[in-house]
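This briefing sets out the fold, the sheet and selected loop residues of one protein model. The sequence and structure are shown first, and grouped notes follow.

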Amino acid sequence: MPLEAGLLEILACPACHAPLSDRTSDETPELVCTGGECGLAYPVRDDIPVLLVDEARRPA
């Protein structure tokens with residue numbers, strides 16, 4: 001289930017403070033940083049974003 005649009009407006013990447021892109025419709029739900037140099041992907045577990053840098057996946 002995609003996250004609410006209002007929630008995405010206030011969430012930001014904890015590492016670089018760039019906006020996040022919702023990728024919850026994919027097989028592995030996640031929020032991806034839109035920052036050019038960062039690009040971390042944060043998991044969404046049970047419809048709750050886990051915005052911890054230690055839990056984020058580095059871009060491929």
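Glu37 counts as exposed because its relative accessibility is 84%, where exposed means over 50% relative accessible area, buried under 20% and partly exposed in between, with a 1.4 Å probe and protein chains only. The model is predicted, so local features need pLDDT of at least 70 and side-chain atom pairs count only at pLDDT 80 or more, while totals for chains, interfaces and linings use all residues. Residues are numbered from 1 along each chain as its sequence is written, and side-chain values use heavy atoms, with hydrogens and water left out.

**Overall fold**

- The protein contains one helix and four strands; helices (H or I, at least four residues) and strands (E, at least two) are DSSP runs, numbered from the N terminus.
- Along the sequence these elements follow the pattern α-β-β-β-β.
- The radius of gyration is 10 Å, close to the 10 Å that the globule rule gives for 60 residues, so the protein is as compact as a globular protein of that length. This radius is taken over C-alpha atoms, and the globule rule is 2.2 Å times the number of residues to the power 0.38.
- Taken along the principal axes, the C-alpha atoms fill a box of roughly 30 × 20 × 15 Å.

**Burial, contacts, surface and charge**

- Of the 60 residues of the protein, 35% count as buried.
- Among contacts with a separation of 6 or more, 18% come from residues 24 or more positions apart; a contact means heavy atoms within 4.5 Å.
- The protein exposes about 4,100 Å², of which carbon and sulfur atoms supply 51%. Accessible areas come from the Shrake-Rupley method with a 1.4 Å probe, and for residues only the protein chains shown count as cover.
- There are 4 positive and 11 negative side chains, and the centres of the two sets lie 8 Å apart. Lys and Arg count as positive and Asp and Glu as negative, whereas His and the chain ends are not counted. The place of a charge is taken as NZ of Lys, CZ of Arg, CG of Asp or CD of Glu.

- The four strands form an open sheet in the order 1-2-3-4, with antiparallel pairing; two strands pair if DSSP finds at least two bridges between them.
- Strand 1 and strand 4 are the edge strands, each pairing on one side only.
- Strands of a sheet pair through backbone hydrogen bonds, either parallel or antiparallel.
- Three bridges link strand 1 and strand 2 in the antiparallel sense, and Ser21 has Val32 in strand 2 as its bridge partner.
- Strand 2 (residues 30-33) also runs antiparallel to strand 3, joined to strand 3 by three bridges. Val32 stands opposite Ala41 in strand 3, and Leu31 has Tyr42 in strand 3 as its bridge partner.
- Strand 3 and strand 4 pair antiparallel over two bridges, with Pro49 in strand 4 as the bridge partner of Val44.

- Strand 3 is largely enclosed by the rest of the structure, because four of its five residues are buried.

**Loops and positive phi values**

- His17 lies in the loop between helix 1 (5-10) and strand 1 (20-22). Although not a glycine, His17 has a positive phi of about 70°, and at 62% relative accessibility His17 counts as exposed.
- Glu37 is found in the loop between strand 2 and strand 3. The C-alpha atoms of Glu37 and Cys16 are separated by 8.8 Å, and the two residues are 21 residues apart along the chain.
- Asp46 occupies the loop between strand 3 (41-45) and strand 4 (48-49), and at 73% relative accessibility Asp46 counts as exposed.
- The hairpin of strand 3 and strand 4 has two residues between the strands, and there Asp46 takes a positive phi near 55° although Asp46 is not a glycine.
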